[in-house]
Amino acid sequence: MQKCSHSHILESGSRCVLYTKNMQIPALVPTRISMLMLAISSLFVVAIGQSLACPFCAAVSLTFAQEINQSEVTVIARLVEPPPPSSLGPNADGPLPQAKFEVLDVLKGEDLLLSSGFLDREKLIDAIMLEATTPGGLYLVMGIESPDFIWSNPIAINERAVEYLKKLDKLPESGPDRLAFFQQYLEDKDDVLARDAYDEFAIAPYDDVRGLETRMDPTALLDWIEAPEIPSNRRRLYATMLGICGTPTDAIKIEKILLGEDLGENSSDLRSGLDALIACYVVLVGPTGLDLIDTLFLNRSAREIPFTETYAAVMALRFLGEESETIPRERVLESLRLLLNEPKLADLVIADLARWQDWSVIKKLTTIYIDATPENIFVREPIVNYMKACPLPEAASALVKLREIDPEAVRRAATLAGLAGLTTAAEDNPTADPPKSPTQVADVVADDATTNSARVVSTGSQPLEDSKVIEMPNLAQKNKQSKPALTRWFFWLVLVVIVAFLSRYLLQSGKSEASG
């Protein structure tokens, strides 16, 4: 597959999304603006689908189906004239090198191509190409902005990939039947197809993956999990799938990976994707499987456990608490509460305890707050928000005590919670009666990524005079809860509109300069 040697907008090794006007370039600047616009659009696609997608999988790039959907026209083209070799050197001057392609087959936008003359063999596509090659190869090329078109960088394909691409628009838009098609191409010998199939699974709702249970091959999945050359993101997918279709016998082999037994020099490779492997093991074994997880990754009093392994276990527990129908949530909470024994890591789980309304640790968290040192003082803010979310009188009483110890932490917690879209019934009024029903918790603010850096540290302060609290009716509280999210979405919408406008303006300017 063609790799990008200029201006990546996705991870290295993923497909470039690069569009260029069909003209001589000073269009380089407009091209980069277009790339930025497409990148931001891609982020929106990822952000919207993330909450529904495979829980441990991250897409490498947009799928072919997504790229085709974003384009106006998509064609299978043959390379007629490669870029001049002199334009490919590191010291080459002038515009970016372009190649010429003839259209062989149309996947989308036949009417637009016909009206623009590109279906006549005499009118060729001019697209940026950054590699030396020979004529005759097949490429996937996409275009936007008809009738002149801005063309994507060509993606090298073969005849088998052409057949694959032609089937995409015939698939269901979602569901297990769609995934059944892509399952055939997982670990395909053609890496272009294997990667696209993986990305389709990565963006699919977890319920769609579960719906494929009877059509999965647990033997093949286990073989891939045990292959050290498999990338960690794919191992996560295969472990997630094995958790759906596997058996307790399969769990024995997963247990050996978790224990690190007989793995030799491949140990680090086979244990990559540890969060999904842990979840897979527990789902296959049942609730008793959490006993081993507690010992290996969460009970840190007995031995040194790498933070990355503990964090992987927490991610697995979050999945089990939300998605598993066989593991009781109370048993998941029991495992999470183990981390309260190590105050430096307590903030990892406080949000989960509040979200799942585990109000059994009020005294424990109060003690952690009181005993906090400069090494773990960042734990105070999530503890405050836990108390505010709790409907019990004990939490309201504890909040009064917490305010006396460090009022700045209480104020800062309210600020952080507001940024995260969290509102509480009591807000900053410690004497208010606790709500009679549990507050809806978006999230109790905590740092899930690290526990030893980038912290907001409070060293404590003298009590300050409390600010006046204005009583608000319930309707106002409800409206207040929705404002931060609406504001954030409005900001991003405005940003995308501005980038789109600048892109179109600069592209038109580039065209005018080229024609002048």
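Which helices do the buried residues of α15 pack against? In this predicted model, the buried residues of α15 pack against α13 (289–298), α14 and α16 (347–355). The buried residues in α15 are Arg331, Val332, Leu333, Ser335 and Leu336.

Glu325 sits in the loop that joins α14 (307–323) to α15 (329–336). With a relative accessible area of 69%, Glu325 is exposed, because the cut-off for that class is over 50%. Between Glu325 and Val283 there are 9.1 Å in space, C-alpha to C-alpha, and 42 residues in sequence. Val283 belongs to α12 and takes part in the contact of α12 with α9.

**Overall make-up**

The protein chain has 21 helices and seven strands. Of its 516 residues, 48% are buried. Among contacts with a separation of 6 or more, 71% join residues 24 or more positions apart. The chain exposes about 24,800 Å², and carbon and sulfur atoms supply 54% of that area.

In soluble globular proteins, nonpolar side chains tend to be buried together. Here the largest nonpolar core has 110 residues, and Tyr386 and Met387 have the most contacts inside it. Helix α12 gives the largest share of this core, nine residues. Another core, of 16 residues, lies apart from it and includes Ala77, Leu79, Val103 and Met129.

| Pair | Residues | Axes | Angle |
|---|---|---|---|
| α9 and α12 | 232–245 and 274–285 | within 8 Å | roughly 10° |
| α17 and α19 | 362–370 and 393–405 | 11 Å apart | about 0° |

Angles under 35 degrees count as roughly parallel, and α9 and α12 are therefore roughly parallel to each other. On the α9 side, the contact uses Arg235, Arg236, Ala239, Thr240, Leu242 and Gly243. On the α12 side, Asp275, Ala276, Leu277, Cys280, Val283 and Leu284 take part. By class, the residues of this contact are seven nonpolar, two polar and three charged.

The helices α17 and α19 are likewise roughly parallel to each other. From α17 the contact includes Ile362, Thr366, Tyr369 and Ile370. Facing them, α19 supplies Glu394, Ala395, Ala398, Lys401, Leu402 and Ile405. Seven nonpolar, one polar and two charged residues make up the contact of α17 with α19. An α-helix has 3.6 residues a turn, so residues three or four places apart point the same way.

**The loop between β5 and β6**

Which backbone features stand out in the loop between β5 and β6? Most residues other than glycine have a negative phi, and most peptide bonds are trans. Glu145, in this loop, is not a glycine but has a positive phi of about 65°. Phe149, also placed in the loop between β5 and β6, has a positive phi of about 75° and is not a glycine either.

The cut-off for buried is under 20%.

The peptide bond from Ser146 to Pro147 is cis, with omega near 10°. Pro147 lies in the loop between β5 (138–144) and β6 (150–152).

Definitions and conventions. Residues numbered from 1 in each chain as written. Predicted model: local features only at pLDDT ≥ 70, side-chain atom pairs only at ≥ 80, totals over all residues. Heavy atoms only, no water. Axes fitted to C-alpha atoms, helices over the stretch in contact; angles between N-to-C directions. Helix = DSSP H or I, 4+ residues; strand = E, 2+ residues; numbered from the N terminus. Parallel < 35°, antiparallel > 145°, perpendicular 65-115°, else oblique. Contact = heavy atoms within 4.5 Å. Nonpolar A, V, L, I, M, F, W, Y, C, P; charged D, E, K, R; others polar. Core = buried A, V, L, I, M, F, W, Y, C linked by side-chain atoms within 4.5 Å. Buried < 20%, exposed > 50% of the residue type's maximum accessible area, 1.4 Å probe, protein only. Areas by Shrake-Rupley, 256 points an atom, 1.4 Å probe, with all protein chains shown as cover.
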